[in-house]
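My notebook is open, and I want to go through this structure one feature at a time. I will write down what I look up as I go.

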Amino acid sequence: MMSTKAFTLVPAIEREQLLGDRDRGSLECVECCGRNLYVGTSDCFVYHFLLEEKTLPSGSATYTATRQLHRHLGFKKAVSELRAASALSRLLVLCDGCISLVHMLSLEPVPSGARIKGATAFALNENPVSGDPFCVEVCIISVKRRTIQVFLVYEDRVQIVREVSTPEQPLAVAVDGHFLCLALTTQYIILNYSTGAAQDLFPFCSEERRPIVKRIGRQEFLLAGPGGLGMFATVAGISQRAPVRWSENVIGAAVCFPYVVALDDEFITVHSMLDQQQKQTLPFKEGHILQDFEGRVIVATSKGVYILVPLPLEKQIQDLLASRRVEEALVLAKGARRNIPKEKFQVMYRRILLQAGFIQFAQLQFLEAKELFRSGQLDVRELISLYPLLLPTSSSFTRSHPPLHEFADLNQLTQGDQDKVAKCKRFLMSYLNEVRSTEVANGYKEDIDTALLKLYAEANHDSLLDLLVTENFCLLPDSAAWLEKHKKYFALGLLYHYNHQDAAAVQLWVSIVNGDIQDSTRSDLYEYIVDFLTYSTDPDLVWRHADWVLQRSQEKEEYHTHLAVLYLDEVLQQRPCTPDKDAEVTETQAKLRRLLQESDLYRVHFLMDRTRGAGLPLESAILHGKLEQHEEALRILVHELADFPAAEDYCLWRSEGRDPPYRQRLFHLLLAVYLGPGPAAPARTVAAVDLLNRHAVEFDAAQVLQLLPGTWSVQLLRPFLMGAVRDSIHARRTTQVAVGLARSENLIYKYDKMKLKGSSVRLSDKKLCQMCQNPFLEPVFIRYPNGGLVHTHCAASRHTEPSSPSAGART
């Protein structure tokens, strides 16, 4: 259990204020209405106090109770219950089975002497059905066996409205409109006293514990259920909230949203209605009363009265965030919606979301952080400012005050851990890329795009060029200096071009080709410059570099490129004014496609620029394939053309002559395009199934099964699964054969090795050393070439073979 300080317990009435020096008498019941606090005692007195609340500099509250009047009711029994009817200025007092009416301020009985006799307990209807503002509705448990009575109580008279029979003897009652929630001797029920309809809730054993029936809101009650559970029930007999677990011997309970407060013999426990967890425990002995009055929770012993003062929800939420208990803080913040004005809540909740987002970010929980930033409408510059040098020098941004987090920058947050720094930078790249085209970026586009460019350049990320060739708001001074620092000269040229400084761009690229500066971004940079100048509308720029272009290469265009351009021009002339994707393919267009597929000598980028916007999607897909831009190519074939056979042919074409992993990657990419978002989803689903079933061997089954929707049936994928299983079994068996062959080959090698070492030697206890004629006690010996065996120590002292007159070599 994670503790939360939700309440503080402060005294309101001490024993001396209540009883003075009298030893007799004890507190039996309490009622609170506004500043008026009433206490009923065991010796039939009613006391009236005025409560004054004061807030200390620390933010905590204290209460001072000033005694006004007290009056003896004239009975010899204890005052059982007190209820204030402020609309009538009356106090309803239950004593000795009789409910009397007294004035709230003077405690004088009403002159008419109106009273309700024969009551053991009663409850006021806080959702009355009469509609008369000058009366209150009271429901009593009558001394008559198994009977509930409903009364209308006026300033000076009472009127019985209805008498209802119950299945068993009622012990406790709460009322809402026409509905009574009753604790009977063996169960709880909901009873509509207007229609007589009853709804059983759950069993209850009155011999084991005291019943608790509390109205906690419109048409909802809180009950002490079996197994130490606090159960919620509506007038329909259902529970819309999960139960809370409290003590088996709970005495009283109350609701102070979002908490349920329970009292037992030793403790006050606080449970959340939002996540059902116990949040706080306060020691409190000898308590026997716990009630809530208009949001104020009062507990009492027989000698004194105390008030549970809730800490402000904002303070509780901030304490949870400070303890990194993000989920609890968010749950509590959502639950606070009903207690805080809408506009104030929205401001508070957005701030809490952002604080929680930065906590998750600091713990590298990036998905959770991103969602919280999105929900809290984060000024993205708050996040960028954590990364040193990413905000433009011209930015006027200052962080939120009070701050949303406690970190100076990324280095402090990660404690210098470079792996964490890298992860944080990758997250920021992803996040900025997502938000740059949304409303979140409004007003901050220069800050976002400039930061994104810096991250891309530092990480050598491919998206740097994509950023610079599309609409962007990168600030030139900061971005140019950063690109030059990281030696991204080609990208710097694109930045100059985007800012209408083509002369600076071309000069930079020429320096790269000449080798004056180093940048390997494009191996075809010379051709790129030629294409750039070809389409330039600045004649001075073209003539300024014409000599350099001619000196660098006498052949401006390859024959393959020239032929492709001729085909392309003729295709465009033959096409109708309104492009039709279903139009018949001409012979020239077929030749163009064949050339683009089969040749590797034409200038791909040049032709791609020529086909852009020309309504030639298939040709564009082929060119993207030549550039290894397979995802874009497959997107065109699938989404624009919906030509699924062509998409499969593309995978076969581009993987021809390549290794199996390359081929597998293409087919997986096509499957991902089929399963991804886009038009004609049903048709793409069918195509995906056909692709898997026709080309099962081209896929990694384990990866595919993770991608597929859970709604697909096994029968639908039967051919694929059979092929995958068959392939897996084949691979396993092939591996087993290979292992067996390897073992056989190893055995052959061992055999050959043994043959090379000579015949084996059998050593037993009957063998004797041929020098000392003693047996061998250990499996260690020297064998001479003539087959003689001797001890190692014997061989060390002799240099001739046994039984041989000539010297022999030891082996």
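Entry 1: I started with Phe7. Is Phe7 buried or exposed? The model is predicted, and in it Phe7 has a relative accessible area of 1%. Buried means under 20%, so Phe7 is buried. I then checked Tyr259, which counts as buried at 4% relative accessibility.

I counted aromatic pairs next, and the structure holds 21. Phe7 and Tyr259 form one of them. Their centres are 5.8 Å apart, and the planes stand at 70 degrees, which makes the pair edge-to-face. I also looked up where the two rings sit in the chain. Phe7 is in strand β1 (residues 7-13), and Tyr259 is in strand β23 (residues 259-263). They are 252 residues apart, and the pair links distant parts of the chain.

For another pair I took Tyr47 and Phe49. Why is this pair stacked? The ring centres are 6.4 Å apart and the planes are at 25 degrees. Planes under 30 degrees apart count as stacked, so this pair is stacked. Tyr47 is buried at 3% relative accessibility. Phe49 is buried at 0%.

I also found a cluster. Ring pairs link Phe358, Phe361, Phe366, Phe373, Phe427 and Tyr431.

**Entry 2: one glutamine in a helix.** I picked Gln360, which lies in helix α4 (residues 342-362). Gln360 has 8% relative accessibility, so it counts as buried. Which residues does Gln360 contact, leaving aside neighbours within four places in sequence? I noted Val326, Glu327, Gln365, Glu368, Ala369 and Leu372.

**Entry 3: cavities.** I searched the whole structure for cavities of 30 Å³ or more and got two. The largest cavity holds about 60 Å³ of space. Tyr259 turned up again here, as one of its lining residues. Thr4, Ser272 and Lys279 are also among them. Helix α3 (residues 326-335) gives the largest share of this lining, three residues. By class, I have five nonpolar, two polar and three charged residues.

The second largest cavity holds about 40 Å³. Its lining is Ala564, Leu568, Leu592, Leu596, Leu607, Thr611, Glu619 and Leu623. Which helices supply at least two residues each? They are α16 (559-574), α17 (587-598), α18 and α19 (617-626). I sorted this lining into six nonpolar, one polar and one charged.

Entry 4: I moved on to the second largest pocket, with about 1,400 Å³ of space. It is lined by 34 residues, and the closest to its centre are Leu465, Asp466, Val469, Arg522 and His605. Helix α18 came up again: α10 (463-469), α12 (489-498), α14 (525-534) and α18 (604-611) each supply at least two residues of this lining. The largest share is six residues, from α10. By class, the lining has 13 nonpolar, 11 polar and 10 charged residues.

Entry 5: Helix α22 (residues 660-675) has 16 residues. From first C-alpha to last it reaches 23 Å, close to the expected 22 Å. Its buried residues include Tyr662, Phe667, His668 and Tyr674. What do the buried residues of α22 pack against? I listed α20 (630-640), α21 (644-654), α23 and α24 (701-707).

I followed up on α23 (residues 681-694), which has 14 residues. Its reach is 20 Å, close to the 20 Å expected. The buried residues of α23 are Arg684, Ala687, Ala688, Val689, Leu691 and Leu692.

**Entry 6: backbone exceptions.** Most residues other than glycine have a negative phi, and most peptide bonds are trans. I went looking for exceptions.

The peptide bond from Phe257 to Pro258 is cis, with omega near 5 degrees. Pro258 is in the loop between β22 (252-256) and β23. His401 and Pro402 are also joined by a cis bond, with omega about 0 degrees. Pro402 is in the loop between α6 (381-384) and α7 (410-414).

Next came positive phi. Gln415 is not a glycine, yet its phi is about 55 degrees. It sits in the loop between α7 and α8 (418-435). Gln415 is exposed, with a relative accessible area of 69%. Lys487 has a positive phi of about 60 degrees and is not a glycine. I placed Lys487 in the loop between α11 (476-485) and α12. Exposed means over 50%, so Lys487 counts as exposed at 52% relative accessibility.

Technical notes
Residues numbered from 1 in each chain as written. Predicted model: local features only at pLDDT ≥ 70, side-chain atom pairs only at ≥ 80, totals over all residues. Heavy atoms only, no water. Helix = DSSP H or I, 4+ residues; strand = E, 2+ residues; numbered from the N terminus. Expected span 1.5 Å × (residues − 1). Buried < 20%, exposed > 50% of the residue type's maximum accessible area, 1.4 Å probe, protein only. Contact = heavy atoms within 4.5 Å. 1 Å grid on protein atoms, 1.4 Å probe; cavity = no way out; pocket = protein on both sides within 12 Å on 5 of 7 lines; lining within 4 Å. Points joined across faces, edges and corners; volume = space filled by probe spheres on them. Nonpolar A, V, L, I, M, F, W, Y, C, P; charged D, E, K, R; others polar. Phe/Tyr/Trp six-rings, centres within 6.5 Å; stacked < 30°, edge-to-face > 60°.
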